[in-house]
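I am keeping these notes as I look through one structure, a place at a time. Each entry records what I looked up and what I found.

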Amino acid sequence: MPSFVAKCLDCDAHTPYHPLTKSCPECGSEWLEACYDLDAGKSWGTTFADRPDSLWRYRELLPLQNPSVYPSIGEGWTPLFPAHQLGMLLGLPNLYIKDERQNPTGSFKDRQAAVTVAALLEHNINEAVICSTGNVAIAFSAAFARAGLKLWAFITSLVPPEKMHEVAICGSQVIKVTGTYDQAKKLAAQFSSERGLYLDRGVRSITALESMKTIAFEIAEQLAKLQLFSNAETKRRGTWSSPDWYIQAVSGAIGPLGVLKGFQEMYAAGLVDNIPALACIQTTGCAPMAMAWDSGLDVADPVLSPKTHITTLSTGDPGRAYTLLRQRMLEAGSGTIDSVSDEDAFHALSLVAKMEGLSIEPAAAVAFAGLIKLTRQGVIQSDDVIVINCSGHTMPVESRLLGPSWSKDVSVDDFALPDYPREGIVAALTRIDQAQMRNVLIIDDQVDARRLIRRLLEAQGTFLVEEAESGPIALQLVKQSIPDLIILDLMMPEMDGFALLDRLRAQMPTRDIPIVVVTAKELTKSEWKRLNGHIERLMTKGDFFVDELIEEIEEALRQER
Ligand SMILES: *Cc1c(COP(=O)(O)O)cnc(C)c1O
Ligand SMILES: [Zn+2]
């Protein structure tokens, strides 16, 4: 007896699941959804926790009888970890990254491929059709190759060649369609129905949507463990934890719909106490859902020709997926759909790499740009627990986004080999545009804060950074050499920032060093007075963004005191 049924969203009829069933036998609706017996009395949490770390540990809540038929290559159970530096920069101490790049083909689409192939194998189906903006095709190609099934992959010609190559190398038949993603989807649907082949229909495919629930299950289970370690609050074993926010870059909305369904099922099963708000982020060049959400519409106007470089997110016509998403988000009572520019996304891409060491694809960066936007607007607040889906890994194609200053060129002619041993190279490297390098001294008692600012400055490639952990040490250092600029914290033990400032301003040559104060302190009127005229600029910790800090520093360096 199957533990789940396919339920029609339009007439509520229940039918047994079969991958090739495209519509409700009662009313003809194409919108069917898996429905489980979620007995809250069952101790799901302990049952799952005792199983191997893989997405199959949740098998009772997947539309499968026997997932072991699929030769898994480690899909799912990706790490969840705190984003310390990015969190500090944004003033969000409870920011976590769900690193979906660590799936076998580098994106969260591997979950969809694994669950779908498992279902096809169970039902002896050995050929299928997909249409993709890239990552679905890569994930399905790998899974189909391992399972020995045949795949027809319809891909728009806009997909970068590096991604197409990934699809073709696994032996799928690639059909390159010159046109938009929505047009390619129509062609794929026509082809599959003429041939009677299984077609992955995105949100309308039960396995696709259900696979995304595993992201939610893992987040809740992993978050509970992390919180157990990080605070003294003792949790009942088998109880999981929901974040306040789940943030994802969105195209067709399989992710958010599946993740929300996952949290709702956990809630019904008594595993979590709340359902997170979703923040679904699109690119402004293709943001049909964000625009409709903003206008309070429950049907999205299709974007006929998407204007974005981020092909992964180019679903111009979300159709009923949007209507369903909106309805469910409103039922859950929170969340938002918003958009960011390509430029903001590329910016966030570089920031995430520099702050957290993660090389991500532009589509994933859209979620991070959304996080920054919503934090700036105060929609996301500093005590919120946030999980952001780092949905995909960078591909070689992203190298052209790095811009001109990503490496320093060294010519062997700059120093005669072999007369110069190793030190010669180091010396030569140090000499490189030494003249343009500016010396900055960071004075802050907190090592994390110093390191963050150091990383930000060094990433610019034009600053030489020194650190002092206290006022007296700083005074020692400035005696040895005068920095071009000082970044000063106000709250320090021993000698605070105000006292140090008085000492620096009291005499030549330190009197003229430009000073930027970066502080977490709310200033009183008299404190403002003490600073006035003595510093170039005051910035509040957690409240500024990299560009602003760099701009302020450049500005302060330009100004003559
Ligand atoms: C598919 C994809 C998305 C968008 O996913 P949906 O949930 O289908 O909207 C975001 N990021 C990456 C890397 C993707 O591959
Ligand atoms: Zn029906």
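Predicted model: local features only at pLDDT ≥ 70, side-chain atom pairs only at ≥ 80, totals over all residues.

C8 has a relative accessible area of 0%, and because anything under 20% counts as buried, I wrote C8 down as buried. I then looked up which atoms coordinate the zinc ion (ligand 2), and I found the SG atoms of C8, C11, C24 and C27, at 2.2 to 2.3 Å. Along the chain, these donors follow the spacing C-x2-C-x12-C-x2-C. C8 belongs to strand β1 (residues 4–8), while C27 sits in the loop between β2 (14–15) and β3 (32–36), so this pair ties together parts that are 19 residues apart in sequence. For C27 I found a relative accessibility of 42%, which counts as partly exposed.

What is the arrangement of the 4 donor atoms around the zinc ion (ligand 2)? I looked up the angles that they subtend and found 104 to 114°, which makes the arrangement tetrahedral. For the comparison I noted that the ideal angle for four tetrahedral donors is 109.5 degrees.

**Entry on the cavity.** I searched the whole structure for cavities of 30 Å³ or more, and the search found 1. The largest cavity holds about 30 Å³ of space, and its lining is made up of L9, W31, L32, E33, V203, L209 and L324. When I sorted the residues of this lining by kind, I had 6 nonpolar, no polar and 1 charged.

**Entry on the second largest pocket.** I next looked up the second largest pocket, for which the volume is about 960 Å³. Its lining has 50 residues, and those nearest the centre of the pocket are Y181, K185, R201, G202 and V203. Which element gives the most to this lining? I found that α6 does, with 8 residues. Several elements supply at least two residues each, among them α3 (109–122), β6 (127–132), α4 (135–147) and α10 (320–332). Sorted by kind, the residues of the lining divide into 20 nonpolar, 18 polar and 12 charged.

**Entry on S339.** I looked up S339 and found it in strand β12, which covers residues 336–340. Is S339 buried or exposed? Its relative accessible area is 13%, and I therefore noted S339 as buried. Leaving aside residues up to four places away in sequence, S339 touches I281, Q282, T283, T284, A287, A290 and K373.

**Entry on the backbone.** I then looked up some details of the backbone. M508 and P509 are joined by a cis peptide bond, with omega at about -10°, and P509 has its place in the loop between α16 (497–506) and β17 (515–519).

I also noted W77, a residue other than glycine with a positive phi, near 50°. W77 lies in the loop between α1 (44–49) and β4 (80–82), and its relative accessibility of 17% counts as buried. A253 is likewise a residue other than glycine with a positive phi, here near 75°. The place of A253 is in the loop between β10 and α8, and at 4% relative accessibility A253 counts as buried.

Definitions and conventions:
Residues numbered from 1 in each chain as written. Chains lettered and ligands numbered in written order. Heavy atoms only, no water. Donors = N, O, S within 2.8 Å, 3.2 Å for Na, K, Ca; no water. Tetrahedral: all angles 85-135°; square planar, octahedral: opposite > 155°, others 65-115°. Helix = DSSP H or I, 4+ residues; strand = E, 2+ residues; numbered from the N terminus. Buried < 20%, exposed > 50% of the residue type's maximum accessible area, 1.4 Å probe, protein only. 1 Å grid on protein atoms, 1.4 Å probe; cavity = no way out; pocket = protein on both sides within 12 Å on 5 of 7 lines; lining within 4 Å. Points joined across faces, edges and corners; volume = space filled by probe spheres on them. Nonpolar A, V, L, I, M, F, W, Y, C, P; charged D, E, K, R; others polar. Contact = heavy atoms within 4.5 Å.
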